[in-house]
2 protein chains.
Amino acid sequence: MRGIVFLARAKTRLRKVVAGRSHEEIRQTAHEDILLAAESVFARVGFSGATMAAIAERAGLPKANLHYYFSTKADLYRAVLNHTLSLWLAGTSGITKAAHPAQALGDYIRDKMRLTALYPDASRVFANEMLHGAPEISGYLQQELKALIDEKAAVIAHWAELGLIDVLHARHLFFTIWAATQTYADFQPQVCAVLGKAEMTDEDYEIAAAQLVRVLLKGCGVQV
Amino acid sequence: MRGIVFLARAKTRLRKVVAGRSHEEIRQTAHEDILLAAESVFARVGFSGATMAAIAERAGLPKANLHYYFSTKADLYRAVLNHTLSLWLAGTSGITKAAHPAQALGDYIRDKMRLTALYPDASRVFANEMLHGAPEISGYLQQELKALIDEKAAVIAHWAELGLIDVLHARHLFFTIWAATQTYADFQPQVCAVLGKAEMTDEDYEIAAAQLVRVLLKGCGVQV
DNA sequence: TATAATCTTGACCACTTAGTCAAGTTTATG
DNA sequence: CATAAACTTGACTAAGTGGTCAAGATTATA
């Protein structure tokens, strides 16, 4: 008996030495691990399809530990969504009255495509939330996002007055840009099937972004 | 007792007279009702989120009756998907070598937008399936859809040889068209929030379609 | 009209799942 | 070093879900 106890202690001690971390470090890495695992699972099977057990397994933690950090599945889901939204809101800073539309819009489209290629799961979580009527983020959409796009629409209207771009409905242009970029993550099976590929390569994303920039800028009458 | 039995018989008789239908009629309408209810529920909450009880309630039938017509939830889901796919495959018939791209592509885009406005739930069911990796329809995507788009890509290449359209990646153009139209159903909460409206009107759809046609045709160098 | 085939439905069951809890371990603090 | 605070985890529970079934009702058939 004593031997076993000693062995257990030694094992514990070893783990403590190897992985000895402060409470803050423990908390941070646990949060990160769980959020990453949750994003991946929510992206693939949606909120209802996701089980805490599946997320726990992917995070390499027992299920009860998840509930220690996120009391409910809904809490965890909201935390994942927050991460997604912070990614989504960024990227419009180049769209200003002083900028040239060819550069600003081109950069914006390329940036959106880069985000899609880099964080496809974030895109899918966002898409799932939209499909389900956006119950958690309708506030964000109606406040922050609307205000941001109102502002950018004013910039585009200003460009139009200067003759730098056709007169058009800027909001619908944004819908097209968002849809056309995110489709490479959200509808990946369709894209890959039609392209006859198992998966998209970096080069595929570059081709897609280049054509989208070219077609949309030309279509909006932007001089390059 | 006898009175109650008689009353019950009279009631039954009445119902029979009012709603008396052949087995075939019964089967057809039951199928339709269930499929419609299922599409609506699957669209809003996805496969996992949908419960047979919720679908049954929406269809106005007891749950056990659903299982009489569709033995499992997966069967019912596949039936709904089939309906969706039949809608999706149609609409490309105008894209032929003999046609003019401005007319053919314009009609195609307008038609896609019309379908989106008319059957938003079908679009959402399709989107859900894509997000989940398209396990049920990967065969359809890799066979029928790929073949169809290969064919249409050849048509567009032919148009390019004739100088009727810029040289471009036709498949990516289709991705953009599909994404830009379906986003009005799949991402409706975002669209409505940014437009500051409770819901899209017919006029909104016309504006969206008109701008999309104008921008994409111009962007592809199609002479109108 | 009698028998068969089809349709209807309440009651039920086996199973999954989010969330709890208490006992134990590790780290912080005075 | 002792006590407190934070973290870990196996076992458990209550609620919800897909699917079954048998008994009854309606329609078809000969």
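## How two copies meet

H8(A) and H10(B) are oblique to each other, therefore neither roughly parallel nor roughly perpendicular. This is a predicted model. The axes of H8(A) and H10(B) come within 8 Å. They cross at roughly 50 degrees. The crossing of H8(A) past H10(B) is right-handed.

Which residues make this contact? From H8(A) come Ser138(A), Leu141(A), Gln142(A), Leu145(A), Lys146(A) and Ile149(A). From H10(B) come Pro189(B), Gln190(B), Ala193(B) and Val194(B).

**The wider interface**

In chain A, 46 residues are in contact with 46 residues of chain B. Several helices of chain A each supply at least two residues to the side that touches chain B. They are listed here with their residue ranges.

| Helix of chain A | Residues |
|---|---|
| H2 | 23–49 |
| H7 | 120–131 |
| H8 | 138–161 |
| H9 | 170–186 |
| H10 | 188–195 |
| H11 | 202–219 |

The side of chain A that touches chain B holds 24 nonpolar residues, 16 polar and six charged.

How are the two copies related? Chain A can be laid on chain B by a turn of 180 degrees. The shift along the axis is 0.0 Å, and the RMSD is 0.1 Å. The two copies are thus related as by a two-fold rotation axis. Which residue of chain A comes closest to the rotation axis? That residue is Gly219(A), with its C-alpha at 1.8 Å.

**A residue in helix H2 of chain B**

Now take one residue, Phe47(B). Phe47(B) is found in helix H2 of chain B, which spans residues 23–49. Is Phe47(B) buried or exposed? It has 23 other C-beta atoms within 10 Å. A residue counts as buried at 20 or more, so Phe47(B) is buried.

Which residues does Phe47(B) touch, leaving aside its neighbours within four places in sequence? Phe47(B) is in contact with Phe42(B), Tyr77(B) and Asn128(B). Another pairing spans a stretch of the chain. Phe47(B) and Val125(B) are 78 residues apart in sequence. In space they are 8.8 Å apart, C-alpha to C-alpha.

How values were computed. Residues are numbered from 1 along each chain as its sequence is written. Chains are lettered from A and ligands numbered from 1 in the order in which they are written. This is a predicted model: local features need pLDDT of at least 70, side-chain atom pairs count only at pLDDT 80 or more; totals for chains, interfaces and linings use all residues. Two residues are in contact if their C-beta atoms, placed from the backbone, lie within 7 Å. Helices (H or I, at least four residues) and strands (E, at least two) are DSSP runs, numbered from the N terminus. Ala, Val, Leu, Ile, Met, Phe, Trp, Tyr, Cys and Pro count as nonpolar, Asp, Glu, Lys and Arg as charged, and the others, Gly among them, as polar. Copies are superposed by least squares on the C-alpha atoms of residues with pLDDT of at least 70 in both. Axes are lines fitted to C-alpha atoms, for helices over the stretch in contact, and angles run from 0 to 180 degrees between N-to-C directions. Angles under 35 degrees count as roughly parallel, over 145 as roughly antiparallel, 65 to 115 as roughly perpendicular and the rest as oblique. A crossing is left-handed if the near helix is turned anticlockwise from the far one by less than a right angle, and right-handed if clockwise. A residue is buried if 20 or more other C-beta atoms lie within 10 Å of its own, exposed if 12 or fewer, and partly exposed in between; C-beta atoms are placed from the backbone.
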